[in-house]
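Hello,

Here is the structure for your files. Please have a look at it, then read the notes below.

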Amino acid sequence: MLDDNLRASRQTAHDRPDLQISFEFFPPKTDVMEEKFWDTVHRLAPLKPRFVSVTYGAGGSTRERTLRMVRRIKAETGVDAAAHLTCVGASRAEVDDVVLGYRDAGINRIVAVRGDPPEGVGKPFVAHPEGYRNAIELVEGIRRIGDFDISVSAYPERHPQSPDWNNEIDNLKRKIDAGATRALTQMFFSNPDYLRYLDRARAAGITAPIVPGIQPIHSFRQIASFAARCGTAIPGWLAERFEGLDEDPETHALVAAAVAAEQVTELVDEGVTEFHIYTHNRSPLALALGRILGRRHEVAAVDAA
């Protein structure tokens, strides 16, 4: 049995390395969803994340909403915010205009991804005839416009359209060489997949941070469906833990918290010090992970009746 004194996840704040976190949100579509969005943002902001990011719909369908959310997050919370940007359905000139808009609004962080086609995850990607063809070209275009902090995507289980591991790692290296600051991984549920990916990247000379993307399982049914479309494996042991819990939300939430806690503590013990958490605009599991990673948030005192 590994001695607790040798486990970084068992060290107190005084001894353990500084653990950095970031959070990802998506633009709400309705007034009710927007109210929930801001409640989540304000609950997570006191954890002092390195940054939060807001996604960007296919073909720029949420462009204005993304910009509005990112600007307001920075103004109201003081937390640095990153706007997503894709290549889908837009010319280079149109994408460059969006980047210029971000720069003029004081947004200096961008998450640059090729993006999924409007038909959905897993469908063939067809570049705009006058657009950026991939994330490498997109990063190069952003870097020409300004000195942005640029995050790109990484795939511990290989991108579904990547023919082999050499191509996969070479694609990541080219994105970093084009000017990306770090990579944020797609969700994964088997830590060895991430650690093997990290070894492959380091062996190829990639030194930029490759931050694990952690997906708390708010709904196993929804996450499993999305995983099937994007090529993420659901281990048998994980499916078994959630079996029969569709109609038992309380137990589902407890199991989800335990699964997420197990994943991040194992990674901390492996020397990982940065985490990117996919919130789905919900705060409870993200708050719990923040606390496990050493972050504290202020809780307003309640006067006695």
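How much space lies in the second largest pocket? About 250 Å³. Bear in mind that this is a predicted model.

The pocket first. The second largest pocket is lined by 14 residues. Ile217, His218, Pro249, His252 and Ala253 are the closest to its centre. Two helices, H9 (249-269) and H10 (284-292), each supply at least two residues of the lining. H9 gives the most, with 5 residues. By class, the lining of this pocket has 9 nonpolar residues, 3 polar and 2 charged.

Next, helix H1. H1 covers residues 31-44, which makes 14 residues. At 1.5 Å a residue, H1 should span 20 Å. The end C-alpha atoms of H1 are 20 Å apart, so the two values agree.

Which residues of H1 are buried? They are Glu34, Phe37, Trp38, Thr40, Val41 and Leu44. An α-helix has 3.6 residues a turn, so residues three or four places apart point the same way. The face of H1 turned away from the buried side carries exposed residues: Asp31, Val32 and Glu35.

Last, the cysteines. The count of disulfides comes to 0. Cys87 is buried, with a relative accessible area of 1%. Cys230 is buried too, at a relative accessible area of 4%. Both values fall under the 20% cut-off for buried.

Best regards

Technical notes:
Residues numbered from 1 in each chain as written. Predicted model: local features only at pLDDT ≥ 70, side-chain atom pairs only at ≥ 80, totals over all residues. Heavy atoms only, no water. 1 Å grid on protein atoms, 1.4 Å probe; cavity = no way out; pocket = protein on both sides within 12 Å on 5 of 7 lines; lining within 4 Å. Points joined across faces, edges and corners; volume = space filled by probe spheres on them. Helix = DSSP H or I, 4+ residues; strand = E, 2+ residues; numbered from the N terminus. Nonpolar A, V, L, I, M, F, W, Y, C, P; charged D, E, K, R; others polar. Disulfide = S-S within 2.5 Å. Buried < 20%, exposed > 50% of the residue type's maximum accessible area, 1.4 Å probe, protein only. Expected span 1.5 Å × (residues − 1).
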